[in-house]
Amino acid sequence: MGTRAGGRRTGPKCIAIVGPFASGKTTLLEAILARTGAIPRQNPVSSGNTVSDHSPEARAHAMSVEATFATTEFMGEQITFVDCPGSIEFSFEAEPVLAACDLAVVVAEADEKKIPALQLIMRKLDDLGVPRILFLNKVDKAIAGVRDTLKMLQPASAVPLLLRQIPLRKDGVVIGSIDLALERAYIYREYAESEIAQIPGDDKARELEARFSMLETLADHDDQLMEQLLEEIEPPKDAIFDDLAADLRDGAVTPVLIGTAEKGNGVLRLLKAIRHDAPDIEATRKRLGAPDGSATVVQVMKTIHTPHGGKLSVSRILSGQVVDGSELWLPSGDTAKVSGIYRMLGKDQSKLTTAKAGDTVALGKLDEVKTGQTLTSAKGGTKQLFDAEPPQPVFAFALRPKERKDEVKMSAAIQRLAEEDPSLSLRHNQDSAETVLSGHGEMHLRVVRERLEGKNQIPVEGHAPAVPYRETIRKTAQQRGRHKKQSGGHGQFGDVVIEIKPLPRGSGFQFTDTITGGVVPKTYIQSVETGVRDYLKSGPLGFPVVDVAVNLSDGSYHAVDSSDMAFQMAARLAMKEGMAACSPVLLEPVMKVEIVTPSDATSKIIALIPQRRGQILGYDARPGWPGWDVVEATMPQAEIGDLIIELRSATAGVASYRAAFDHMAELTGRLADEAMNASGKAA
Ligand SMILES: Nc1nc2c(ncn2[C@@H]2O[C@H](COP(=O)(O)OP(=O)(O)OP(=O)(O)O)[C@@H](O)[C@H]2O)c(=O)[nH]1
Ligand SMILES: [Mg+2]
């Protein structure tokens, strides 16, 4: 015993700070930076002056909206912390960070509502194989006992939450903590190092009990410790520390430390645990499957366009070193030259000349480089170590600049924003001539819009994207169309008889002819089809027409005056009159929707489906997700636009959905009128 972890890992570390929204991540980073002397004092998040949340967008919404990097030193060693946003709408931001960090500090609190959010994060860490420490924050306001809180939070974690500290209370108020491994008490002091104290006699029994259960969990992975517990032999402290480090690094347990980030309490113990137990770059390299060898390998965690126009690729150096001015190979097979290496402290940077394995630094001016890529000094590039696709977008709006002159500027700015945020997607909708921006929620896109208007100074207008309505007919009709003009020399003559017939849903358009005896010559039959197709781009209701068959049954022509154009005109005339008699009807797209939700909200979610004209197809336990359900339904696309807002508000921000086109369905009455009015088309 005492050799499993093989001692402390030295070298620069990278620690991601993650956790449910508003659990205190930004506050914790601020406390860490103040405690390690990187900043003169700890600013509260309400001041809008923290190292993380300095952007106007973060301040406006009192939440973090992007990952912030801050490098500091603790007891002579370099640690870069990355404060990740908690909201699910910005969660993709954390993925390339988690991929290349050594350890995650999960900031949680005793709040039942946030358990599903915690579960989402824990699963992400499981998927990526990232070891973690849980920092149970806000113990200053905790009413329940810590052990009860952990029981409540445990379902969110697939591995045991291992309590390492218990609070020390006086008159019901938390005044410090007892470290169960060290068997020492610490009396909190605001914004300062705690005072070491004896464990008060009254707390001894509680301490021993909690300690025993910590040791029991550790014994699950240590037979010798198990024997000692059974024989009631006191295990050596070093062996306990070694087990704690080994189990953490193996991901076998999640050690839990407690504190009050807001007052800087518990921060030093957390830093010491990180210093002692965190894996190093070698373990992270192994986890990522990085190539062995002497080459420099760099993993890009975030892309930032600074206000002064320089692009920064914040990166972890996995192996080798990067010297300013050196060339790196991109996945594309091209090379790019590093122009500037910077150590980050929020928005501030300080220049370096080199960065070595383990460092987390910003590399300047790698124009073609994208977040998530793996770069290398090895000729020809290297295998890519990270390939996460952002989830399907759940919210969209159509965007245009208030002033036409800003069009080019807006699309360049959106391009930059999409480079900074790979979970943002942009497409041009030809149907409606709209530029549609899609993302992960209303707030996500609101922040994009604020960045366009603020940082980029482009006033924009946004609205819900147009629904791709179609129209069809319910009746059959026969119609003659004659186009005849005698103007000066050459006349125009085309004459057709067509039959218009509805087709089953999803058939599209069919054109046939039953012309005999050449009453309409072959080339003009083609013209008729062209004229009909052209008409169908916008039917009597103003939308593209689908599921219609048109047969050309009769007609006549004139040897001199007939032309392609004249027959096209005749066909359009016949369609215009004929279609009006076919009882046209609007069609709306209906999607198949799959909603994932914590089970306790399932009945609420099911209740809102009929309110959105949806039909429930069924619901069931979500496979592999204890405590979650999946609800399947069909729902008109028009009702899905803001569905995510309702889903999120019913589930403390965690439910989500995927949608795929299912079929077109008739839409009549008031809703059809509204759809036609909204698109500015005739009713
Ligand atoms: N009582 C108490 N409140 C805290 C503590 N730490 C943070 N808070 C408060 O919790 C709220 C959220 O704090 P933040 O640090 O912004 O939380 P966050 O996790 O960074 O939030 P997001 O990044 O938006 O997910 C703020 O009002 C803080 O003042 C604490 O230790 N005790
Ligand atoms: Mg934050």
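Good morning. I begin with helix α4, in which Ile-115, Pro-116, Ala-117, Leu-118, Gln-119, Ile-121, Met-122 and Leu-125 are buried. Please bear in mind throughout that this is a predicted model. The helix comprises 14 residues, 115–128, and its first and last C-alpha atoms are 20 Å apart, close to the 20 Å expected at 1.5 Å a residue. After α4 comes Gly-129, with a positive phi near 70 degrees.

I turn now to the metal. Which residues coordinate the magnesium ion, ligand 2? They are Thr-26, through OG1, and Ser-64, through OG, at 2.0 Å. This pair links distant parts of the chain: Thr-26 belongs to helix α1, residues 25–35, whereas Ser-64 sits in the loop between α2 (56–61) and β2 (68–74), 38 residues apart. Both Thr-26 and Ser-64 are buried.

From Thr-27, a polar side-chain atom lies 2.5 Å from a ligand oxygen. Gly-86 contributes through its backbone, with an N or O atom at 3.1 Å from an oxygen of the ligand. For Lys-138, an N or O atom of the side chain is 3.2 Å from a ligand oxygen. Ligand 1 on its own has 650 Å² of accessible area, and the protein covers 84% of it.

Thank you; I welcome your comments.

Key
Residues are numbered from 1 along each chain as its sequence is written. Chains are lettered from A and ligands numbered from 1 in the order in which they are written. This is a predicted model: local features need pLDDT of at least 70, side-chain atom pairs count only at pLDDT 80 or more; totals for chains, interfaces and linings use all residues. Side-chain values use heavy atoms; hydrogens and water are left out. Donors are N, O and S atoms within 2.8 Å of the metal (3.2 Å for Na, K and Ca); water is not among the atoms, so sites may look incomplete. Helices (H or I, at least four residues) and strands (E, at least two) are DSSP runs, numbered from the N terminus. Buried means under 20% relative accessible area, exposed over 50%, partly exposed in between (1.4 Å probe, protein chains only). A polar contact is a pair of N or O atoms within 3.5 Å; within protein, one must be able to donate a hydrogen and the other to accept it, and residues adjacent in sequence count only if both atoms are side-chain atoms. Accessible areas come from the Shrake-Rupley method with a 1.4 Å probe; for residues, only the protein chains shown count as cover. The expected span of a helix is 1.5 Å times one less than its number of residues.
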